[in-house]
Amino acid sequence: MAVEEFVGYENIIAFMERKGLHKLEGDFVEVGAYMGGGTAKLAQYAGKYGKKVFAIDLFQPGLDDTVGKGGVKAGDVYEAFLQGRSMLEAYKENTRTFDNVVTIIADSRRVTFPVSQRFSFGFIDGCHQASFVESDFRLLWGHLVSGGAIGVHDYKFEGWPEVTVAAENILSAYEGEIAAVEELEAGHGILSLMLIKK
Ligand SMILES: C[S@@+](CC[C@H](N)C(=O)[O-])C[C@H]1O[C@@H](n2cnc3c(N)ncnc32)[C@H](O)[C@@H]1O
């Protein structure tokens with residue numbers, strides 16, 4: 001079975017390697033794991049450096065009622081690619097060989113981490129509504145170490161215009177804490193906005 005992910009995590013991991021994120025303190029975290037194909041790739045990379053991957057998802061495609069360009073509903077897109085399978089079962093199958101994955105089955109707005117939790121990388125690809133993207137960013141940024149990075153997927157992607165609105169809000173609200181910003185073409189011509197912390 002082909003590895004099931006829709007970002008191009010190889011390119012995300014190449015960025016992480018270029019920035020030496022594996023050398024920093026802290027684990028990796030993603031919001032929006034879907035079928036876990038990307039989680040597995042992150043876990044393989046993380047495992048080489050004794051790190052964990054925290055994966056946050058509702059695992060109930062129908063609960064995402066975001067409406068994108070042209071009236072497309074996010075939940076319908078997720079259901080279509082699942083072709084009748086359970087998202088959680090597909091995720092478990094794709095991540096089953098990794099013992100460094102911590103799965104958090106929850107609405108990302110309700111997730112908290114202990115103050116002591118450190119991340120060197122976070123990837124945001126959950127709900128594509130602006131308020132969710134901004135909430136996901138707030139959740140991760142506070143735990144991100146200096147020199148660490150957060151990626152916001154679907155930046156400037158016309159299908160989910162609210163992601164770009166949220167990313168622009170984040171850029172202006174956190175300007176003083178951001179060391180550098182890169183637009184990364186991860187795959188399928190879709191950008192991720194990568195923000196590196198001072
Ligand atoms: C675009 S998919 C993620 C794709 C994944 N990064 C990949 O490449 O395979 C978005 C995911 O976000 C999840 N999601 C939507 N709203 C969420 C929320 N409020 N909390 C947690 N996860 C959510 C959906 O269930 C879906 O799996």
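Residues are numbered from 1 along each chain as its sequence is written, and side-chain values use heavy atoms, leaving out hydrogens and water. In this predicted model, local features need pLDDT of at least 70 and side-chain atom pairs count only at pLDDT 80 or more, while totals for chains, interfaces and linings use all residues.

**Exercise 1.** Find which residues of helix H1 (residues 9-19) are buried, and on which side of H1 they lie.

Solution. Helices are DSSP runs of H or I with at least four residues, strands runs of E with at least two, numbered from the N terminus. Buried means under 20% relative accessible area, exposed over 50%, and partly exposed in between (1.4 Å probe, protein chains only). In H1, Tyr-9, Ile-12, Ile-13, Phe-15 and Met-16 are buried. They lie on the same side of H1, because they cover an arc of only 155° around the axis; the arc is that of the directions from the helix axis to the C-beta atoms. Just after H1, Gly-20 has a positive phi of about 65°.

**Exercise 2.** Decide why strand S2 counts as largely enclosed by the rest of the structure.

Solution. Of the 5 residues of S2, 5 are buried, so the strand is largely enclosed. On one side are Val-53, Ala-55 and Asp-57, and on the other Phe-54 and Ile-56.

**Exercise 3.** State how S1 and S2 run and how many bridges join them.

Solution. Two strands pair if DSSP finds at least two bridges between them. S1 and S2 run parallel, joined by 4 bridges. Val-29 stands opposite Phe-54 in S2.
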